[in-house]
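Please walk through the structure shown here step by step, keeping the sequence at hand while you read.

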Number of protein chains: 2
Amino acid sequence: MAEANAVRVGLLGFGTIGSNVYRVIEQEHDAILDLTGIDLRVAHIVEKDFSRAGVDAPAELFTDDFKRVLDDPAVSIVVELIGGTDWAFTFVEAALRGGRDVVTANKQLLANRGAGLFELAAQLGRQIRFEASVGGAIPVIKVMREGMIAADLHTVYGIVNGTTNYILTALYRGEGDYAETLKKAQELGYAEADPTADVGGGDAAAKMAILASIAFRTRVTMADVTYEGIQDVTLDDVQYAKDFGFVVKLIGAARLVDGRVNVRVHPALVPEGHLLASINGSYNAVYLRGHTIDEIMLTGPGAGGPPTATAVVSDIMNIVGTDSAGFLQNCSCRRDLDRFPDGEMRSAFFTRFKVEDRAGVLAQIASIFGDHDVSIESMIQKGQGDEAELMVITHPTVERGFFAAIEKVAALSCVKSRPATIRVL
Amino acid sequence: MAEANAVRVGLLGFGTIGSNVYRVIEQEHDAILDLTGIDLRVAHIVEKDFSRAGVDAPAELFTDDFKRVLDDPAVSIVVELIGGTDWAFTFVEAALRGGRDVVTANKQLLANRGAGLFELAAQLGRQIRFEASVGGAIPVIKVMREGMIAADLHTVYGIVNGTTNYILTALYRGEGDYAETLKKAQELGYAEADPTADVGGGDAAAKMAILASIAFRTRVTMADVTYEGIQDVTLDDVQYAKDFGFVVKLIGAARLVDGRVNVRVHPALVPEGHLLASINGSYNAVYLRGHTIDEIMLTGPGAGGPPTATAVVSDIMNIVGTDSAGFLQNCSCRRDLDRFPDGEMRSAFFTRFKVEDRAGVLAQIASIFGDHDVSIESMIQKGQGDEAELMVITHPTVERGFFAAIEKVAALSCVKSRPATIRVL
């Protein structure tokens, strides 16, 4: 393994995302070192609120003075997680001018004041990365910015707000009306006490401004996005749409039409067979179409501390890894890992076979499974007489034990066909 | 816009993928130049078969001598699309030693002889990119290699063979038995005349070896992958599994268990609610879990000339773009695009409103829509008397016209509630 390359980070903000970023960096330190050769640590935490100093991170890392970060030559990357568009802008600008690359999760900063920051970064030869600003850990920015560069994208559809997707899914499932499902979303922590930014479409609009800018390599700001929320969508609308074969979703749509850009957020009826129709609950998805591709969709949980923190830390690693000698430039194997034998793997199984239709057969078979520590989740007999067939689903079990049991079952005189076996995921 | 940066490519092989790569590079030349500042062209096509020379690409580009590529100092990237593991290995090795970066779609080469090539590339400071080797245009390699670097992945599930997924989907839908659905897949071009590599699991195994190597940054070869195909899966198996709430899929599973690697391909029962259960027909999907993320899934068409070519060209652009001054290092806006006005956008609409339950009402409403060029796809009356409600779904129409029509409809004395309107995606 190559020598470790130390990378030190200044963390601005220690709220939900900030504390998770600190935790992920600490928890994954050795795995990241092993995978990439990078020794990654947080050097400073800039935060007004010291109540978590010494609790969730060592007290000596905390400071309320951003200058301490700027003055530390060991810090090469500044992570901005304070939110808002004023101090965040000031700090990001100062970090870039101070020769640091920047990672941020701040969608409002980018959607409102991103243009100037990106220009400044380009002039200074610095990077701004912001994967965490849209879709939690789903790497939508990277995919659009880098992975789809030849696809000549013309359409980006996003389900980019988990709160509204949770509510619309609950309406579709008939779990209550709009007020009831919103209340439940608030109780479960999927919606804020003041849900306006989510249910009104503003949160999705900021995210779509970012996605459109990246997909089309142009500048779309919050002011360019027309948006509606889901406040006027009723249980009746959703249920009637269901009768017609549609699912109602809050869709962000960024399109290139005749060389011009249109970006908006509005409820839409999505046909049941569409990939986006299967995105339920608080999940997010981004769906891409281009001149050389039909459709690509990415999905996963769209928010939450750990996934969002994962996106932040991946951004940090990408800044480091794209150095000329960076680990992302080659695919040489860093880890020499042993193979885990198939027989020791654990799986649940589905199996079926014909049996004699008489008393005692099930007990005999169940006893063989029991002897091999195979626990049965369900066992159903279908058909009668000569057509009697047994279907078994097991709990996860060591595969070697299951196969040994099946051999014994197959050898029973009451078993009339070779058991078919398929694993359960 | 910055000055154009010329990039010249040597293309090895002019079969389905090769000819599509040529076509995408030509067709997207101006868009790529506009998006990235790169002037991308194919300089040579190395091919034994000259039957398409002068037809699908200029005859003067064709040669049967790879040395012509090596001897051309303008060529910085070699694209290997000849397949197999012998000549392909020789050419890729020669290209790397000749100072060229390499893009390949050759899963067999990578799964069997990739280790040596990656080590060589790392020693020489050259890149090998291979997004097209798995999942067509779905950027699974990029996402695992770069986007999920902090996720500490421990599980990769893949539906990575379109032929088998097509057959299993048809069995699930009851469209025939195994032999019938295989035959239909062959007729539609989803399966080869000799389908062994697909239905036997070997194709998926090679792809899983590649995915596992990247996900876990270790070396997994074809020889490390245990695989089964779908030849023994019957219509009964699939239909019985459906009764239990499962969908049968051919699943590639790469897992880290107690620090050891296990990679296999086998049919599996996937619970209906699982993200992978919704991947139908010839689509592919890759599903990721890690220590810091719950689940992320990417999906799209897994094969086909244009999507696979798109992945190849995106790889070329990534090699160019990760140069120290590369366009991927910053997000400055390259295109200054006008906004397309909302009112001129085209959408289909769903609308519903209460109406008087009497003759002539539908005609009156239909006539207003007609006057505004709004064509009606379906119109249904629900309820009777005071409860009579009209539901209309339109064909795609200019939005301004639809909204003008709705205002007129709302003003009718026979319309008893404000029309609710939701767009149809």
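Two strands are said to pair if DSSP finds at least two bridges between them. With that in mind, look in this predicted model at strand β12 (residues 296-301) of chain A and strand β12 (residues 296-301) of chain B, which pair in the antiparallel sense over 3 bridges. One residue shows how this pairing is made, for A:T299 has B:M297 in β12(B) as its bridge partner.

Turning to chain A by itself, the chain is divided into domain 1 (5-135 + 322-329), domain 2 (140-301) and domain 3 (342-424). The centres of domain 2 of chain A and domain 3 of chain A, taken over C-alpha atoms, are separated by 45 Å.

Chain A also holds an open sheet of 6 strands, which come in the order β3-β2-β1-β4-β5-β6 with parallel pairing. Because β3 (62-63) and β6 (128-129) of chain A stand at the edges and each has a single partner strand, one side of each is left without a neighbour in the sheet. The partner of β6(A) is strand β5 (residues 101-104) of chain A, joined to β6(A) by 2 bridges and running parallel to that strand, and in this region A:V103 stands opposite A:R129 in β6(A). Helix α12 (residues 305-321) of chain A packs on the sheet, where it touches β1 (5-12), β2 (38-46), β4 (75-80), β5 and β6 of chain A, and its direction makes about 160° with that of β5(A).

In chain B, an open sheet of 6 strands likewise has the order β3-β2-β1-β4-β5-β6 and parallel pairing. Within the sheet of chain B, strand β1 (residues 5-12) and strand β2 (residues 38-46) run parallel and are joined by 8 bridges, and B:V7 has B:L40 in β2(B) as its bridge partner.

How can the packing of helices be described? Two packed helices are described by the angle between their axes and the distance between the axes. In chain A, the axes of helix α5 (residues 107-124) and helix α10 (residues 202-216) come within 9 Å and cross at roughly 60°, which means that α5(A) is oblique to α10(A). This crossing of α5(A) and α10(A) is left-handed, and the contact is made by A:K107, A:Q108, A:L110 and A:A111 of α5(A) together with A:A206, A:K207, A:A209 and A:I210 of α10(A). The residues of this contact divide into 5 nonpolar, 1 polar and 2 charged.

A further pair in chain A is formed by helix α7 (residues 162-172) and helix α8 (residues 178-187), whose axes come within 9 Å and cross at roughly 130°, so that α7(A) is oblique to α8(A). The crossing of α7(A) and α8(A) is right-handed. Here A:T163, A:Y166, A:I167, A:A170 and A:L171 in α7(A) meet A:Y178, A:T181, A:L182, A:K184 and A:A185 in α8(A), and by class the contact has 7 nonpolar, 2 polar and 1 charged residues.

Conventions: Residues numbered from 1 in each chain as written. Chains lettered and ligands numbered in written order. Predicted model: local features only at pLDDT ≥ 70, side-chain atom pairs only at ≥ 80, totals over all residues. Axes fitted to C-alpha atoms, helices over the stretch in contact; angles between N-to-C directions. Helix = DSSP H or I, 4+ residues; strand = E, 2+ residues; numbered from the N terminus. Parallel < 35°, antiparallel > 145°, perpendicular 65-115°, else oblique. Left-handed = near helix turned anticlockwise from the far one by under 90°. Contact = placed C-beta atoms within 7 Å. Nonpolar A, V, L, I, M, F, W, Y, C, P; charged D, E, K, R; others polar. Domains from an automatic or database assignment.
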